Amino acid sequence: MSGFGGFVLRRLVGTVITLLAISVIVYVVFFVTPGNVAQITCGPRCSPEQVHQVAQQLRLDDPLYVRYWHFLQGILVGQDYSTGTSVEHCSAPCLGLSYQGGQQVTQLIFAKLPVSLSLVFGAMILWLILGVGTGVLSAWRRGRISERVLTGVTLAGVATPVFVIGLVLMIIVCGQLRLLPFPQYVALTDDPEQWAWNLLLPWLSLALIEAATFARLTRASMLETLAEDHIRTFRAYGVGERSIIGRHALRGACAPIIALNANNVGGAIGGAVLTETLFGLPGIGQELVHAVNVVDLPVVVGMVLVVGFFVVIANAVADVLYAVADRRVVLA
């Protein structure tokens, strides 16, 4: 296939292969690490006989490739697990059972994922509006006082940790001015207005940090694009500066913005731990930290795979958006 359809198909195949490679790497790294997995699962007070029984249930005596095949089979078609007195079926995509509570990892992830998605995608809208808008304005006003002020603000934003911004916003907005309630997650399906109202501060805290990075990148890309020959040609033909900025220069500067946004969205789903912890949001990041602390390997593996999935999917979507912004990418 050629053209845009072939380009999308190639990216889809590459995405599937990448996800499969990630699953292999993650499984090997976590399940071949030093330590007795059966002992960790059973607990410090288990007898050797109980530890051996747990090892049999987890199929730890099987070769690694057999264990990985069972793991992959669970993701694709589901799997049955023995709980001692009964057999529990884990529907696809099955990522195993938690060592600590015996809960299905997929159920745990699906319970936490809406919180992280709500946080990241709401913040994404804000950081794109604030970051790209500031970067375009800074490039447009290059050499003027307003451009220097914007540059200083973005440098301060990059250097400020997210928990500092979050604490300052909570103290001022929630404590002193009482404009917003202290954040408490409300499901979108329960009350859309309270969902947005309670997430506004977390969105701002995460977005202000990311917007500073987007502003600097947008400014640099815009200045590079504005120095190209075709922009000088537009100016020579009398095309207005606003039209040059909005229709031509910004589109030419989109590629690095799309790439950065894809990486940020994918990574923030599992990496916004500070924001989730600061505002008490029960998302993927908080659960991943807890699973690491208690050495709950199935939960850790499942969470890492989910985060990897979103990173790969976000970059695949970014590749398609490259082609929409610049059709020459399709030929690559």
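## Close-up views of a predicted model

**View 1. Surroundings of S116 in the predicted model.** Leaving out residues up to four places away in sequence, S116 touches I269, E276, G283, I284 and G285. This is a predicted model, and S116 has its place there in helix α5, an element that spans residues 105-140. With a relative accessible area of 0%, S116 is buried, and its side chain is joined to the side chain of E276 by a polar contact of 2.9 Å.

**View 2. V273 in helix α12, shown together with S116.** V273 is found in helix α12, which comprises residues 273-279. Although V273 and S116 are 157 residues apart in sequence, their C-alpha atoms lie 9.7 Å apart in space. The relative accessible area of V273 is 23%, and this residue is therefore classed as partly exposed, since the buried class requires a value under 20%. When its neighbours within four places in sequence are set aside, V273 is in contact with G285 and V289; G285 is also among the residues that S116 touches.

View 3. Helix α4 runs over residues 64-77, and its 14 residues reach 20 Å from the first C-alpha to the last, which is close to the 20 Å expected at 1.5 Å a residue. The buried residues of α4 are R67, Y68, F71, L72 and G74. These residues cover an arc of only 150° around the axis, and they therefore lie on the same side of α4. On the other side of the helix, Y65, L76 and V77 are exposed. The residue that follows α4 is G78, whose phi is positive, near 95°.

**View 4. The chain as the setting for the close-ups, with its confidence values.** The chain contains 14 helices and two strands, and 39% of its 332 residues count as buried. Of the contacts in the chain with a separation of 6 or more, 62% are accounted for by residues 24 or more positions apart. The chain exposes about 17800 Å², of which carbon and sulfur atoms supply 65%. The average pLDDT of the chain is 81, and 89% of the residues score at least 70. Where pLDDT is low, the predicted coordinates should not be read in detail.

Note on methods:
Residues numbered from 1 in each chain as written. Predicted model: local features only at pLDDT ≥ 70, side-chain atom pairs only at ≥ 80, totals over all residues. Heavy atoms only, no water. Helix = DSSP H or I, 4+ residues; strand = E, 2+ residues; numbered from the N terminus. Expected span 1.5 Å × (residues − 1). Buried < 20%, exposed > 50% of the residue type's maximum accessible area, 1.4 Å probe, protein only. Arc of directions from axis to C-beta. pLDDT = per-residue confidence, 0-100. Contact = heavy atoms within 4.5 Å. Areas by Shrake-Rupley, 256 points an atom, 1.4 Å probe, with all protein chains shown as cover. Polar contact = N/O pair within 3.5 Å; in protein donor to acceptor, adjacent residues only side chain to side chain.
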